[in-house]
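Visitor: I would like to learn how to read a few features of a protein model. Please start with the general idea each time.

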Amino acid sequence: MPPQRKGAAARVSEDTEDLTRHPLQAILLADSFATKFRPITLERPKVLLPLVNVPMIDYTLAWLESAGVEEVFVFCCAHSKQVIEYLEKSEWFSQPNFSVVTIESHNSVSAGDALRLIYERNVINGDFVLISGDTVSNMSLTQVIQEHKERRKKDSNAVMTMVIKQSKPSPITHQSRLGTDELFLAIDPQTKQLLFYEEKTDSYRGIIPLDNALLGDNPSICLHNDKQDCYIDICSQEVLSLFTDNFDYQHLRRHFVKGLLVDDIMGYKIFTHEIHSSYAARIDNYRSYDTISKDIIQRWTYPFVPDVMFSGNSATHLEREGMYRASEIEQSRSAHIGPFTVIGKGTKIGNNSNISNSVIGKGCSIGSNVSITGSYIWDSVTIEDGCDIRHAIICDGVVIKSGAVLEPGVVLSFKVVIGQQCIVPSYSKVSLYQQPTVEDSDEELEYADNSSGTVDSSITCTVDTLNREMMSETPASQLGPGGVGHVWSICEGAHEEEWRHSVAPIPADKLAEVIQSLEDDLELLNLDGNAHSVSGELKSGRNGTDSEDDDVEDSRDDSIIYEKEVEATFLRAVNENIKVPDVILEMNSLRLSYNMTSADCAGAIFYAMMKQALEIPHATAGELRKSAASIIDAWNKLLKFYSKEIDDQIEVIMKFEEMCLESVKGVLTTFFPDFASFI
């Protein structure tokens, strides 16, 4: 967990020196030009959807204000009136030294259109920050802006600096923890210039389409698949004019970035800035919504966390095990609230209900014997007795009647009613609006690269029609007796996208299918003799000693990161009661991703177990030993799976010795008498 700082108003930028002659400006796109959050975004713009009970746009504005931005132009398209009304009523319009100006459009269908319109308004006076209103960050802008300006002094063609962060994709699903596709970047290691940008490649075949000229023109290139695009860009004014001069530029990454990278005539350049200890991520789909929500609850985004006041959010008290409670909560004594859970103001919780790893909004009514796990319940939701809800998103005003079950991945849009004893199948989407029958054009693009995404702005003119077509009730066979809403069908070929982008964990059977498919493809390639070795890096021509030293240092860094990933995975398994076979699948994925041995995995798992034991409150050494023995007994099958060989078992012993040496108080030495018995 990152260290906390004093004061809710602590500024992320600590350098008070002015970096520009003009006020630092930002363009905030309040329309993602996407449909990934349908059916929810048929009724409310994405930037106003609650993220841990705070609208997404408030995180973006709070960060811009704290980072020293003085003027923000908010571009509104889909549901523009809702966005403008929200901002006018919020405190953002009355902040000193922080100006928020809205720009409204009803005709823009892409980020390119938005930037062309802003160029016509002639409101940008110098370098600016380009960001989407669904981005969460706590990084300082001081260094990246300084780097950008220094490059501009030396090379006027350096028009953009992109912020990136380390994030290794899963070797099985080839997607990041945010649910986005595996990203391949080629970067000059000396200048940090971006040379290649591609999200979808035949990487599992070992094929990455690099131009020969790229290799010939650059003395050294590093090829990465372990970076995450944070979608925070520092841009010069020329970026806006480039969009105006080229109407083919619609999409910021797929068209503009790739267009500049292959343009040899104008010579414009894009550079990268990698952040390490800071946080930055964009909510692109339901999985990233889930991931970033968990990061906020676990305080990686500090000071933008539930118990710190910003943007007028309600005061919430942080309790043990990452549990947050707002005021005026009515909770039965027999109800249990588990770790990493947020309970909103005025919510009522009945007898024997169990809530864990979830976010509950304001004014919700939760009955007796209700089970809620890994879910996001928005405001004014009613959940009657005996309901079971797992890994779901439930919007404002929804009513779930007694005995209903929501299987993982369900999304219920505003004011839907689920009837008694109804079982809603996994990945179902239910809305009061009927599913649109006419698909949007593929040319209506979104901010982040997604070949299947289309714009929400295209539906703004049809909302009234959809209102008239709203049904008052659906057959009991769909939503149970008294159910209200329409169950959207999953488009042909989109079933894989549902489980890849859902808030629900990827099922073990789906992972098994993907692994089998990859093995089959690789076997065919080997039979054809066309298999290529996969290399994540093109090394520069340095002397052997330097390369070896760098390799050793990289290996150490990977080991540290790997142990942290294993610890986080084990903690989540404990908190969410994940079964051992499913945990083994995730551990195998990490082991393959970081190229670790089973001994490394055994040591990392044992370390996570002992750390968990230390965090359980204990007054005596005996209590500590009992806690450790209890954890090892509960997860012995997991530890034994990776400790089959003598080398694996030696690694566990060495890890225990290492922990004892690191323990300042020597508390782990109390385990010595019992170590052999419970290991």
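Guide: A disulfide is a pair of cysteine sulfur atoms within 2.5 Å. By this rule, the structure has zero disulfides. This is a predicted model, where local features need pLDDT of at least 70 and side-chain atom pairs count only at pLDDT 80 or more, while totals for chains, interfaces and linings use all residues. Residues are numbered from 1 along each chain as its sequence is written, and side-chain values use heavy atoms, leaving out hydrogens and water.

Visitor: Is Cys 77 buried or exposed?

Guide: Buried means under 20% relative accessible area, exposed over 50%, and partly exposed in between (1.4 Å probe, protein chains only). Cys 77 has a relative accessible area of 3%, so it is buried. Cys 387, at 1%, also counts as buried. Ile 646 has 55% relative accessibility and therefore counts as exposed.

Visitor: Which residues touch the most other members of the largest nonpolar core?

Guide: In soluble globular proteins, nonpolar side chains tend to be buried together. A nonpolar core is a set of buried Ala, Val, Leu, Ile, Met, Phe, Trp, Tyr and Cys residues joined through side-chain atoms within 4.5 Å. Here the largest has 65 residues, and Leu 64 and Leu 141 touch the most other members.

Visitor: Where does this core lie?

Guide: Domain 1 (22–290) and domain 2 (314–501), with bounds from an automatic or database domain assignment, both give residues to this core, so it lies between them.
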